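Q: I am new to this structure and would like to go through it step by step. Could we look at it together?

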Amino acid sequence: MNSPGSESDPLPIHSVIMRIKVCRKMKQDGTANVRSFLHLCFFFAGKEMSMENVTNIKQEALSRLEACESLADLQELRVLYLGKKGPIQDLMKSMKDLPKEERPAFGQQVNALKQALAAAIEDKRTVLEEKEINERLQQEKIDITLEGRKPNLGNIHPLTLVQKEIEDLFIGLGYSVEEGPEVELDFYNFERANIPKDHPARDMQDTFYIDMERLLRTHTTAIQMRVLEKDSPRTPIKVICPGKVYRRDDDDATHSHQFTQVEGLVVGENIRLSDLKGTLEFVARRMFGEKRVIRFRPSYFQFTEPSVEVDVSCHMCGGKGCPTCKGTGWIEILGAGMVHPNVLRMAGYDPEKVSGFAFGIGAERVAMLKYGIDDIRHFYTNDIRFLKTFTRFE
Ligand code: DAH
């Protein structure tokens with residue numbers, strides 16, 4: 001049986017014309033080399049429609065597939081063989097020239113070729129994709145032996161260090177930490193602290209007023225008043241209240257319009273001045289060394305009675321007298337006293353039944369003494385050279 005593509009049965013004229021057109025077109029788009037070669041081979045061999053031709057195309061395609069080295073090559077090959085103008089499509093088109101009875105077998109062959117080639121191309125694609133990924137991984141490898149840039153770690157601010165140290169100490173004694181608003185009511189800052197509107201003590205604590213009722217708090221004693229009021233008359237109370245405070249002041253080496261206090265308050269039955277003394281001595285020793293002693297000097301605060309100033313023996317000279325303690329052997333560190341009965345009463349407590357002590361520590365003062373800082377303004381100017389001298393702790 002002769003197929004229309006055999007030597008004894010030349011190609012129909014329309015097929016010849018089509019071949020020439022295709023070759024010309026391929027020359028124009030630059031794909032002429034491979035494709036025209038293939039087409040011309042079939043054309044001159046005169047085997048356009050033979051089964052043998054199907055096998056040839058397959059072998060040719062597979063060997064070219066083998067040689068593909070990139071996904072781009074593969075894509076080109078796919079278009080070349082499986083595309084609309086490829087040899088397989090041509091075989092399909094020319095099937096109509098076959099005798100009817102030969103068409104099914106030939107069609108099956110061509111389909112099988114098409115599927116085999118498509119599958120082989122997909123397999124190859126998987127291989128090439130993996131290859132390309134591996135090549136990229138190789139190229140984009142990071143050299144981890146190169147030393148990295150060190151991140152610039154900041155230090156903890158000295159005031160925070162001192163505040164945390166005091167907090168830790170008191171937490172160890174069973175106190176809890178309470179905070180309050182910096183924009184405070186006149187009521188808690190003054191009235192409840194036993195400093196009524198016309199009291200001359202207000203002059204010493206002039207501050208920044210928001211309006212007639214609200215101001216920037218002048219002391220953490222305001223937090224003490226809030227704590228007393230909350231859940232009143234609940235006892236015992238054991239709190240420390242750290243925070244920023246403000247006063248109208250001219251800034252210099254020892255004065256600042258903003259500073260930091262840590263307030264302490266204990267209220268319960270039978271709380272005595274000796275309890276205050278014992279507590280403060282313990283704190284002074286922890287902060288400034290085990291050999292420290294403290295002394296009380298009589299003082300005056302509106303919210304305590306009696307009131308005391310507390311001095312600690314100088315940690316630089318041990319009490320002999322040196323520039324740090326101005327030759328006195330003592331350094332003043334805080335104000336304290338027994339909570340005034342008026343304060344207790346205003347907050348709903350019966351001063352006949354409960355008593356309490358309170359104290360207010362200036363954090364700047366403690367930090368200046370501990371670290372030998374000579375100017376309070378250093379804490380607020382954020383000079384990096386100053387801040388860097390405080391070692392970081394975790
Ligand atoms: N509030 C006082 C001040 O700012 C410090 C102070 C003194 C607080 C005695 C107290 C205290 O709690 O009992 O100067």
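Q: How many bridges join β6 to strand β7, and which way do the two run?
A: In this predicted model, β6 and strand β7 (residues 304-313) run antiparallel and are joined by seven bridges.

Q: Which residue stands opposite Ser307 in β7?
A: Ser299 stands opposite Ser307.

Q: What is the order of the strands in the open sheet?
A: The open sheet has seven strands in the order β1-β4-β5-β9-β8-β7-β6, and the pairing is mixed.

Q: Which are the edge strands?
A: They are β1 (176-177) and β6 (294-301), each of which pairs on one side only.

Q: Which strands does helix α10 lie across?
A: Helix α10 (residues 221-229) lies across β4 (237-246), β5 (258-268) and β9 (355-362). Relative to β4, helix α10 runs at about 145°.

Q: And what does helix α13 touch on the sheet?
A: Helix α13 (residues 363-371) packs on the sheet and touches β5, β8 (330-339) and β9. The direction of helix α13 makes about 55° with that of β9.

Q: Changing topic: at what angle do the axes of helix α4 and helix α6 cross?
A: The axes of helix α4 (residues 71-82) and helix α6 (residues 103-139) cross at roughly 170° and come within 10 Å. The two helices are therefore roughly antiparallel to each other.

Q: Which residues in α4 meet α6?
A: Leu71, Leu74, Leu77, Arg78, Tyr81 and Leu82 do; the residues they meet in α6 include Leu117, Ile121, Arg125 and Glu132.

Q: How many residues of that contact are nonpolar, polar or charged?
A: The contact of α4 with α6 has nine nonpolar residues, six charged residues and no polar ones.

Technical notes
Residues numbered from 1 in each chain as written. Predicted model: local features only at pLDDT ≥ 70, side-chain atom pairs only at ≥ 80, totals over all residues. Axes fitted to C-alpha atoms, helices over the stretch in contact; angles between N-to-C directions. Helix = DSSP H or I, 4+ residues; strand = E, 2+ residues; numbered from the N terminus. Parallel < 35°, antiparallel > 145°, perpendicular 65-115°, else oblique. Contact = placed C-beta atoms within 7 Å. Nonpolar A, V, L, I, M, F, W, Y, C, P; charged D, E, K, R; others polar. Pairing = 2+ DSSP bridges.
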